[in-house]
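Here's a quick tour for anyone meeting this structure for the first time. Have a look, then read on.

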Amino acid sequence: MNMAAMNILSQPWSPPASLCLYNFYNHNHYNISNYKLHSFSHPDNFSLPSSLSAPTKSNHTASRLSQMPTHLSKSGSGCSWIRDNSTCNTAASNDCSRLGPSYSVFPTKRAEVSSVQDLFEFICSGPLLNKLGLTPEKVAESIDKWLAYGSHLCRLFQLNKLHLTVPEKARLYHYYLPVFLWCEDQISQHRSTFKDGEDISPLVIGFSAPQGCGKTTLVLALDYLFQITGRKAATVSIDDFYLTAEAQAKLREEIPGNALLELRGNAGSHDLAFSVETLTALTQLTKEGMKMKLPRYDKSAFNGRGDRADPSTWPDVEGPLTVILFEGWMLGFKPLPVEVVKAVDPQLEIVNKNLEAYYDAWDKFIKAWIVIKINDPSCVYQWRLQAEIAMRKAGNPGMSDEEVKDFVSRYLPAYKAYLPTLYAEGPNGSDPKHLLVIEIDEGRNPLPGN
């Protein structure tokens, strides 16, 4: 049963409490020590300069935000880094229904943010900054953005911004916000390639990441920040392009005995013509007033075998779009020599053949890539098991441990075959200048050395 989440938009926006920034001086050096900080004795008496106020939203954006769905789905890993089994707020417009109940796999040590200097030092210790070219000077220049965006994400995930735990603080300031700033830069580069007066197509950013690693929550956070900053975004998953239940049953009959294609998941179980039609239409939403419905897949249909959701339930998306966030566990996979895949699992031979058609259906639309890298695909099993245990504890239907093992086993051969090439060469057709690879640990956090 879908779980209701509190509507964050029913509450007024408030700036990051306990953070008051005064008087930036010394224009040659942006060391945060050059900020004069001020703390208040009572948590209700805080103020910020106007530069840290909430970004202005158009009436259209405000209206759209007020209509964002806030329900939770029956499946998914949820916001695993949030403590106390709370549910994260699902205010991003197009992907809210993908998330499930949250659970904590982290210690709950309090990490109170008491000053801008504390936060600045924490941000600068993040593992992604060097890779993204974010020097301490650049962080200091844009500290107001970090504060405002961090406050918005606290609101989205219902976090106490005065008492963030270390994992919460790291997830926001070491992961989500650096990735968002990278996406903003990619969008800026994309838009600069168009001449004045030309229709600017939305940038399609692809997220290739294993199941359970947190990509859906990352996309949720990015989508929300785009909406907050007045830019229209659409989110779509490869899950939304699965074959209908009828077509999947037909595929199962045509290839009896192949466990990798018995159920949805691997290459061959997607409606590629439908993918092309949908992605083409999305990239053409360049003008005000243009709209379409985003397809969705109901994984709970037919006792968990799934089916395409009724079109009457599909969410609307309106142009002009700035960005399309396209996520999936096998985005960017490249076909390999037959002998390579057969050595992993003979059943992969037909999956590998099917994969030849996926570049034109998916990857060619993607102009910027984020690849979330893992060292051991077996993490997928543990992550999925955590999610199902949390769902059962919350009183929702969930797979048994044996069912989880069977479910994940149908994906592991593809991970073992295709991930090494993805990590070594990048996604199919990707440009290194528009590729961000983020290696994460078993706790779904970026590793030092990124």
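## Helix 6 and helix 7

Let's start with a pair: helix 6 and helix 7 lie oblique to each other, a label for angles that are not under 35 degrees (roughly parallel), over 145 (roughly antiparallel) or 65 to 115 (roughly perpendicular). On the helix 6 side, the contact (heavy atoms within 4.5 Å) includes Tyr175, Phe180 and Ile187, and helix 7 brings in Leu218, Leu222 and Phe226, among others. By class, that contact has 12 nonpolar residues, 1 polar and no charged; here Ala, Val, Leu, Ile, Met, Phe, Trp, Tyr, Cys and Pro count as nonpolar, Asp, Glu, Lys and Arg as charged, and the others, Gly among them, as polar.

## Where this comes from

The model is predicted, with local features needing pLDDT of at least 70 and side-chain atom pairs pLDDT 80 or more, while totals for chains, interfaces and linings use all residues. Residues are numbered from 1 along each chain as its sequence is written, and side-chain values use heavy atoms, leaving out hydrogens and water.

## Helix 12 and helix 16

Next up, Leu348, Val351, Asn352 and Leu355 of helix 12 touch Pro413, Ala414, Ala417 and Tyr418 of helix 16. That makes 7 nonpolar residues, 1 polar and no charged.

## The whole chain

Stepping back, the chain has 16 helices and 13 strands, which are DSSP runs (H or I, at least four residues, for helices; E, at least two, for strands) numbered from the N terminus. Of its 450 residues, 55% are buried, meaning under 20% relative accessible area with a 1.4 Å probe, protein chains only.

Conventions: Buried < 20%, exposed > 50% of the residue type's maximum accessible area, 1.4 Å probe, protein only.
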